[in-house]
Amino acid sequence: ELKNVRDAITAHGATVDYGRQTVRIDGVTPVGQELTVEGAPAYVFIFESPEDREQQTADLDANKLELKTPSGADAATGDLAISVGSNVMVVSDGATESDQQKIDAGVQSLP
C-alpha cells in the first residue's frame, strides 16, 4: 500500500508527501504512484507479490528506463534510480544521493 511505502521512507528521516502524477513503464504491469521525497518525485510501483516484482523488474536499468505519463509523454526530469524490496519498486527522479539512501533504506525495510 502506498501509505506503507511513504511511512517506511519517512521513518528513515525524509520528508515525504503524496503527489498527483502517475507513470507507466513498458513491460511493468502496475502504474507508478507519485510520492515526493524532499521535493523530488519518486514513483511507487506495487506488485501482486515479491516474485511478480522480481520477474517484471529483473532486467530494468535506471540509465535506460523511460517513465511515461498517461498520455505517453516522457515524465522523467532528472537522473533516475531504482529501489526494490518486498513487492515494491520505487523509481526516484532526481533525488540527491542522501535522499536516495533514505528511499533505499525505507523500501528495503518493507516486510
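Modeller: Contact here means heavy atoms within 4.5 Å. With that in hand, this predicted model can be described by its contacts: of those with a separation of 6 or more, 48% are made between residues 24 or more positions apart.

Colleague: What makes up the chain, and in what order do its elements run from the N terminus on?

Modeller: The chain has three helices and five strands, and from the N terminus on these elements run α-β-β-β-α-β-β-α.

Colleague: Why is the chain called as compact as a globular protein of its length?

Modeller: The globule rule gives 13 Å for 111 residues, and the radius of gyration of this chain is 12 Å, which is close to that value, so the chain is as compact as a globular protein of that length. Along the principal axes, its C-alpha atoms fill a box of roughly 35 × 30 × 25 Å. Of the 111 residues, 42% are buried, and the accessible surface comes to about 5,900 Å², with 44% of it belonging to carbon and sulfur atoms.

Colleague: How many side chains are positive and how many negative, and how far apart do the centres of the two sets lie?

Modeller: There are 8 positive and 19 negative side chains in the chain, and the centres of the two sets lie 4 Å apart.

Colleague: Which residues of helix H1 are buried, and how do you know on which side of H1 they lie?

Modeller: Helix H1, residues 2–10, has Leu2, Val5, Ala8 and Ile9 among its residues, and these four are buried. Around the axis they cover an arc of only 130°, and therefore they lie on the same side of H1. In an α-helix there are 3.6 residues a turn, so residues three or four places apart point the same way. The buried residues of H1 pack against strands E1 (16–23), E2 (32–37), E3 (40–46) and E5 (88–93), as well as against helix H3 (97–108).

Colleague: Which residues of H2 are buried, and what puts them on the same side of the helix?

Modeller: In H2, residues 50–57, the buried residues are Asp52, Arg53, Gln56 and Thr57. Their arc around the axis is only 110°, which puts them on the same side of H2. Glu51 and Gln55, on the other side of H2, are exposed. What covers the buried residues of this helix includes strand E4 (80–85) and E5.

Colleague: Why is Val44 called buried, and which residues is Val44 in contact with?

Modeller: Val44, which is placed in strand E3, has a relative accessible area of 0% and is therefore buried, since buried means under 20%. Leaving aside its neighbours within four places in sequence, Val44 is in contact with Leu2, Val5, Val31, Gly32, Gln33, Leu35, Val88, Met89 and Val90. Leu2 and Val5 are also among the buried residues of H1. Lys3 is 41 residues from Val44 in sequence, and the two are 10 Å apart in space, C-alpha to C-alpha.

Colleague: Is Ser86 buried or exposed, and how do you know?

Modeller: The relative accessible area of Ser86 is 19%, so Ser86 counts as buried, given that the cut-off is under 20%. Ser86 is in the loop between E4 and E5, and its phi is near 50°, a positive value in a residue other than glycine.

Colleague: Why is Glu38 called partly exposed?

Modeller: Glu38 has 39% relative accessibility; buried would need under 20% and exposed over 50%, so this value falls in between. Glu38 lies in the loop between E2 and E3, and although it is not a glycine, it has a positive phi of about 55°.

Colleague: Where is Ala95 found, and which residues is Ala95 in contact with?

Modeller: Ala95 is found in the loop between E5 and H3. Its neighbours within four places in sequence left aside, Ala95 is in contact with Ala40, Gln100 and Ile103. Ala95 and Ala42 are 53 residues apart along the chain, and their C-alpha atoms are separated by 8.1 Å.

Terms used. Residues numbered from 1 in each chain as written. Predicted model: local features only at pLDDT ≥ 70, side-chain atom pairs only at ≥ 80, totals over all residues. Heavy atoms only, no water. Buried < 20%, exposed > 50% of the residue type's maximum accessible area, 1.4 Å probe, protein only. Helix = DSSP H or I, 4+ residues; strand = E, 2+ residues; numbered from the N terminus. Arc of directions from axis to C-beta. Rg over C-alpha atoms; globule rule 2.2 N^0.38 Å. Areas by Shrake-Rupley, 256 points an atom, 1.4 Å probe, with all protein chains shown as cover. Lys, Arg positive; Asp, Glu negative; His and termini not counted. Charge placed at Lys NZ, Arg CZ, Asp CG, Glu CD.
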